[in-house]
Amino acid sequence: MQQTREICPGVHWVGALNASLRVFDIIMKTDWGTTYNSYLVQGERTALIDTVHADFTPEFLAKLESVIPLEKLDYLIISHTEMDHSGSVAALLLRAPHLEVFGTKSALHLLKNIANVDFKGHPISDNEVLDLGAGKTLRFIPSPFWHWPDSMFTYLESDGLLFPCDGFATHYCDERLFEDRMPDFTAESKFYFDHIMRPYKDKVPAGCAKVRALPALRMICPSHGPMLRQNPMRIVDLWDEWARPEPKQGKEVAILYASAYGATKAMAESLLAGIEASGVRTSVVDLTKAPVEEWLSAMERADGILLGSPTLNGDAVKPVWDAIALTALVNTKGKRWGAFGSYGWSGEATKLLLDRMKGLKFAIAEDRLTAILIPSAEELSKCAEYGQQFAASLQ
Ligand code: FEO
């Protein structure tokens with residue numbers, strides 16, 4: 001078991017290492033594992049910032065007790081309630097029911113339904129300060145949608161330490177804990193940003209501005225991955241850069257499809273011709289060949305997205321359902337969606353895709369575009385017309 005680490009006088013890392021984790025939150029691959037960071041701040045009173053995943057509760061409580069008896073803890077600071085950080089709260093509250101829990105109003109509401117035990121909650125106000133005595137003061141800075149509505153940063157003013165929870169984090173497990181003691185992991189940080197923050201990246205600049213306004217920032221202590229002390233503003237600059245919308249001229253359409261025998265592919269090509277004839281830029285992604293990153297970036301950039309699937313056993317095919325599932329990682333606001341595909345005798349795929357899009361509250365083109373088996377010249381001409389109409393609907 002990794003021991004605790006005093007990261008500056010009066011502040012201990014008491015988190016957990018999960019080096020063997022290979023998939024996070026069901027869909028995100030984690031080639032380098034992750035850490036669940038929790039921090040103990042001791043003044044005359046003591047605050048614990050976040051907990052760890054429930055799987056690590058026994059070792060987490062043992063670590064805490066190796067630094068301080070649980071009855072001596074005063075406050076639990078909840079930066080964000082997703083269960084990789086709140087998984088040990090119920091067990092902790094059973095052992096330390098006297099704890100006063102600080103968090104945003106939203107976090108306290110969610111925590112009630114996670115811990116399912118009574119606790120004394122303190123909803124924080126913007127920039128509220130908690131004085132722990134002995135010169136240790138914590139400032140709370142709400143930062144909604146980094147990446148849940150409940151999120152907040154905590155700044156230990158006396159030492160210049162920022163605890164931004166999922167902000168500036170990376171799924172990267174290294175027991176050396178500090179970024180200056182390990183190889184460069186910027187690519188993993190970008191991967192994390194793309195998967196966790198991409199749907200909310202319009203919220204990132206405001207959060208970064210709050211960090212820039214902090215006096216005397218010395219170290220960023222996120223909830224996952226290494227602590228950043230060499231040049232903490234570097235990651236803030238990177239997040240600002242990664243959040244910037246890609247420059248583009250005019251509207252764009254993305255056509256994502258899967259095709260077994262080339263029929264749905266032929267429809268995609270005619271759609272492309274129709275859309276481009278309207279002067280709208282278009283990207284085409286073969287979901288059976290392109291990497292997932294390409295799917296995501298095409299969907300992220302586009303104003304209109306057309307998903308193509310043949311009907312197989314009364315359903316759309318798996319890569320196309322996968323693409324829809326991955327829209328959870330994309331900001332879908334303001335985009336228009338449609339469905340197309342070839343079929344033999346029943347043609348449920350396009351209907352099912354549109355139904356799913358409706359369920360996700362996407363703005364959709366109601367007319368599904370279909371062709372029977374190998375599309376005829378007439379059917380391909382209808383595809384081109386559909387493409388033109390779809391492009392026009394984006395203007
Ligand atoms: Fe690391 Fe949103 O949880």
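Leaving aside its neighbours within four places in sequence, which residues is Pro-142 in contact with? The residues in contact with Pro-142 are Ile-124, Asp-126, Asn-127, Ser-151, Met-152 and Lys-210, where contact means heavy atoms within 4.5 Å. Before going on, please note that this is a predicted model, in which local features need pLDDT of at least 70 and side-chain atom pairs count only at pLDDT 80 or more, while totals for chains, interfaces and linings use all residues. Residues are numbered from 1 along each chain as its sequence is written, and side-chain values use heavy atoms, with hydrogens and water left out.

**How the elements are named**

- Helices (H or I, at least four residues) and strands (E, at least two) are DSSP runs, numbered from the N terminus.
- Two strands pair if DSSP finds at least two bridges between them.

**Two residues to start with**

- Pro-142 is found in strand S13, which covers residues 136-142.
- With a relative accessible area of 18%, Pro-142 is buried; buried means under 20% relative accessible area, exposed over 50%, and partly exposed in between (1.4 Å probe, protein chains only).
- From C-alpha to C-alpha, Pro-142 and Phe-168 are 15 Å apart in space, and they are 26 residues apart in sequence.
- Thr-170 is found in the loop between strand S15 (161-163) and H5.
- Thr-170 counts as buried because its relative accessibility is 2%.
- Not counting residues up to four places away in sequence, Thr-170 touches Thr-34, Phe-185, Glu-188, Ser-189, Tyr-192, His-224 and Gly-225.

**Strands**

- Strands of a sheet pair through backbone hydrogen bonds, either parallel or antiparallel.
- Strand S1 (residues 5-8) and strand S2 (residues 11-13) run antiparallel and are joined by three bridges.
- In this pair, Cys-8 stands opposite Val-11 in S2.
- The hairpin of S1 and S2 has two residues between the strands, and Gly-10 takes a positive phi near 85° there.
- Elsewhere, five strands form an open sheet with mixed pairing, in the order S12-S13-S14-S15-S16.
- Strand S12 (129-133) and strand S16 (219-220) are the edge strands of this sheet, and each pairs on one side only.
- S15 and S16 pair in the parallel sense over two bridges, and Leu-161 stands opposite Met-219 in S16.

**Helices**

- Two packed helices are described by the angle between their axes and the distance between the axes.
- Axes are lines fitted to C-alpha atoms, for helices over the stretch in contact, and angles run from 0 to 180 degrees between N-to-C directions.
- H10 and helix H11 (residues 348-359) pack at an angle of about 10°, with their axes 11 Å apart.
- That angle makes H10 roughly parallel to H11; angles under 35 degrees count as roughly parallel, over 145 as roughly antiparallel, 65 to 115 as roughly perpendicular and the rest as oblique.
- Val-320, Trp-321 and Ile-324 in H10 meet Leu-352, Leu-353, Arg-356 and Met-357 in H11.
- Helix H8 (residues 263-277) and helix H12 (residues 377-393) have axes 7 Å apart and pack at an angle of about 45°.
- H8 and H12 are therefore oblique to each other.
- The contact of H8 with H12 has ten nonpolar, four polar and no charged residues; Ala, Val, Leu, Ile, Met, Phe, Trp, Tyr, Cys and Pro count as nonpolar, Asp, Glu, Lys and Arg as charged, and the others, Gly among them, as polar.
- The buried residues of helix H9 (residues 292-301) are Trp-295, Leu-296, Ala-298, Met-299 and Glu-300.
- Among the elements that these buried residues of H9 pack against are helix H5 (186-197), strand S17 (252-257) and helix H10 (318-325).

- Most residues other than glycine have a negative phi, and most peptide bonds are trans.
- Asp-25 is not a glycine, yet it has a positive phi of about 50°.
- Asp-25 sits in the loop between strand S4 (23-24) and strand S5 (28-29), and it is partly exposed, with a relative accessible area of 40%.
- Asn-116 also has a positive phi, near 55°, in a residue other than glycine.
- The place of Asn-116 is the loop between helix H4 (105-115) and strand S11 (120-123), and at 59% relative accessibility Asn-116 counts as exposed.
- From Trp-146 to His-147 the peptide bond is cis, with omega near 5°.
- His-147 lies in the loop between S13 and strand S14 (152-156).
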